Amino acid sequence: MKKATIKDIAKAAEVSIATVSYILNDVKTQSISDETRVKVLKIAQQLHYVTNRSARSLKLQKTGLIGILLFKDLEPHPWSDMKYVKTLYRLEKLCGELGYHVIFMQIDEGAPSYDMIRERNLDGVILMNVDQQRFSTISRYFGFGIPVFVIDSHIEDTLFHKVIPDFEGSFRLAHTLLGEAPEFLVMDAYNDTDLVGIVKRLSGVDEDRIHVYESRQGLSAFLSKFPDRPGIVVNEFLANEVLRTHDRIVALCTSHCPEMLPERAAKISYELNDYKHVTDMMDRNIHDADYSNPEKFIYLSVSS
């Protein structure tokens, strides 16, 4: 296959060859809008463009730093600060085994600072629980060729890899464990509204029988409509709340903490080891300028 050239990028982006050259070579003296810069970098990635300079950089100028950015819940709940702890531990361990150091940062809904990305030459980035709007803002700071993985978000851009639980398989298994069709769904509120909509659709439960958690009062009012009826709860912290009044549920343990639930509770867990596939893909992308993996969705498998 013919290798892409700067001319190809310029034509696709509808800018001059000089502009493409300035952007790809990170020339600071030129005034180029963020919109144009992001557009050119994305097209360069889509065309798998690699310069000799890029290849040398990949081999010689690595920092060994992976950035993990956790976006705090836009609507905080009592368990908001705990639900990604095991995921963070596993990612840090896996990155360490590959020789990387992890820089961790939490981002709230106020005026987020992206200095970590601006000031450090990160080899790769993992974003957790990011919404579409803030992703669009932060993605302009990613350098050319930096691999980016998003966890628990369904970002529209096909350039980035998405990591989410296998909800489709989980709902099928939950149906089997219940022995009948679930009559309600209670779920945690992800920052990414697209992912919330996908979970709802895959559940097969009617919209008026789905509750996205906001408060204990709202949850109690919703559950009162389904006394002794079977249901599914997404997130084990939330499942503990539901178990106060409802025993006939299956909990999807999206925080990887099934041990916190009582033994009587039916539960579905996900493979933490699947994150090794994520870090291995990122590592190969970092070290191989020509590597491109079409696998844009990575589904955490149901553990046995």
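**Entry 1: ground rules and overview**

I call a residue buried when its relative accessible area is under 20%, exposed when it is over 50%, and partly exposed in between (1.4 Å probe, protein chains only). By that rule, buried residues make up 49% of the 304 residues in the protein.

I am working on a predicted model, where local features need pLDDT of at least 70 and side-chain atom pairs count only at pLDDT 80 or more, while totals for chains, interfaces and linings use all residues. Residues are numbered from 1 along each chain as its sequence is written, and side-chain values use heavy atoms, with hydrogens and water left out.

I take helices (H or I, at least four residues) and strands (E, at least two) as DSSP runs, numbered from the N terminus. The protein has 12 helices and 11 strands. For contacts I use heavy atoms within 4.5 Å. Among contacts between residues at least 6 apart in sequence, 64% join residues at least 24 apart.

**Entry 2: helix H1**

I began at H1, residues 6-13, and found Ile9, Ala10 and Ala13 buried. They cover an arc of only 100° around the axis, which puts them on the same side of H1; the arc is that of the directions from the helix axis to the C-beta atoms. As a reminder to myself, an α-helix has 3.6 residues a turn, so residues three or four places apart point the same way. Lys7 and Lys11 are exposed, on the face of H1 turned away from its buried side.

Helix H2 (17-24) and helix H3 (34-46) are among what covers the buried residues of H1. I then looked at the H1 and H2 pair: their axes are 8 Å apart and the packing angle is about 110°. That makes H1 roughly perpendicular to H2, a label I use for 65 to 115 degrees, with under 35 roughly parallel, over 145 roughly antiparallel and the rest oblique. My axes are lines fitted to C-alpha atoms, for helices over the stretch in contact, and angles run from 0 to 180 degrees between N-to-C directions. On the H1 side, Ile6, Lys7, Ile9 and Ala10 meet Ile17, Val20, Ser21 and Leu24 of H2.

I count two strands as paired if DSSP finds at least two bridges between them. Six strands make an open sheet with parallel pairing, in the order E2-E1-E3-E4-E5-E11. E2 and E11 are its edge strands, each pairing on one side only. On average, neighbouring strands here are turned by 20° against each other, direction ignored.

I checked two of the pairings. E3 (residues 124-128) and E4 (residues 148-151) run parallel and are joined by four bridges; Met128 has Ile151 of E4 as its bridge partner. E5 (residues 161-165) and E11 run parallel too, with four bridges, and Lys162 has Phe297 of E11 as its partner.

E11 (residues 297-300) shows a covered face with Ile298 and Leu300 and an uncovered one with Phe297 and Tyr299.

Three bridges join E9 (residues 249-252) to E10, and Val250 has Ala266 as its bridge partner.

In H10 (residues 216-223), I found Leu219, Phe222 and Leu223 buried. They cover an arc of only 95° around the axis, which puts them on the same side of H10. The buried residues of H10 pack against E6 (184-187), E7 (210-212) and helix H11 (236-242).

**Entry 3: the core**

My last stop was the largest nonpolar core, with 41 residues; Leu252 and Tyr275 have the most contacts inside it. Such a core is a set of buried Ala, Val, Leu, Ile, Met, Phe, Trp, Tyr and Cys residues joined through side-chain atoms within 4.5 Å. Helix H12 (residues 275-287) gives the most to this core, with five residues.
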